[in-house]
Amino acid sequence: MFAPRDPDEYLLDTERRVVRVRRHWAYLAWDTFESAALLAIAVMVSYLLPPSLWIVQNILWYAALLVVVVYAFKVIEWWVERLVVTDKRFVLTSGVITTKVAMMPISKVTDLTYERSAWGRMFGYGTVVVESAGQIQALNRIEFLPAPEDFYDTISELVFGDKHKQSERFSMIKAQRLARGKKIVG
């Protein structure tokens, strides 16, 4: 009831899901560092204050609790956000309290680029830039994407590849997954 909808529920019956991914955990790195530093400062200041300033200590601990709650909310938002790519469109779902669904048709894609910084190569994430015919779309820059080369290759094949071979490839992948899931009776 209160949980966000699964991104697959936004897909049409005629769509075939190609990619479903969450942003890389490095997306939370700065928030994690910031929250840990603020908590460490709160603990140090609390121990340095004399016991007579118990009101200030209480305020400090409530501020520390607020830091933990805000960080937990950011982690939940990261966990809920998903990027789904089908054979017809990109769909990005996000939001814990208010669900936001951003969509861009695959047919609008005119250029596809990915970028990887030194940190991205080290930790396995990158940025994919999706450009459309002279318009800035909601999904034009997807940052902290895990395995951006694989994503880039898959989307390039989907957008610019041979449609007949593509349908054969995806039906073959689906058949292989079904075969792996079934037990061999013998």
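Is R141 buried, exposed or partly exposed? I looked it up and found R141 partly exposed, with a relative accessible area of 41% (buried is under 20%, exposed over 50%, partly exposed in between, with a 1.4 Å probe and protein chains only).

I noted that this is a predicted model, where local features need pLDDT of at least 70, side-chain atom pairs count only at pLDDT 80 or more, and totals for chains, interfaces and linings use all residues. Residues are numbered from 1 along each chain as its sequence is written, and side-chain values use heavy atoms, without hydrogens and water.

**Salt bridges**

I found 10 salt bridges in the structure (a side-chain nitrogen of Lys or Arg within 4 Å of a carboxyl oxygen of Asp or Glu). R141 pairs with E115 at 3.1 Å, N to O. E115 is partly exposed at 35%.

I then checked R23 and E81, which form a salt bridge at 2.4 Å, N to O. R23 lies in the loop between strand 1 and helix 1, and E81 in the loop between helix 2 and strand 2, 58 residues apart. Both R23 and E81 are buried.

R17 and D8 form a salt bridge, with their closest N and O atoms 2.6 Å apart. R17 is partly exposed at 43%, and D8 is partly exposed at 27%. I also found D6, D8, R17 and R20 linked in a network of salt bridges.

Note on methods. Helix = DSSP H or I, 4+ residues; strand = E, 2+ residues; numbered from the N terminus.
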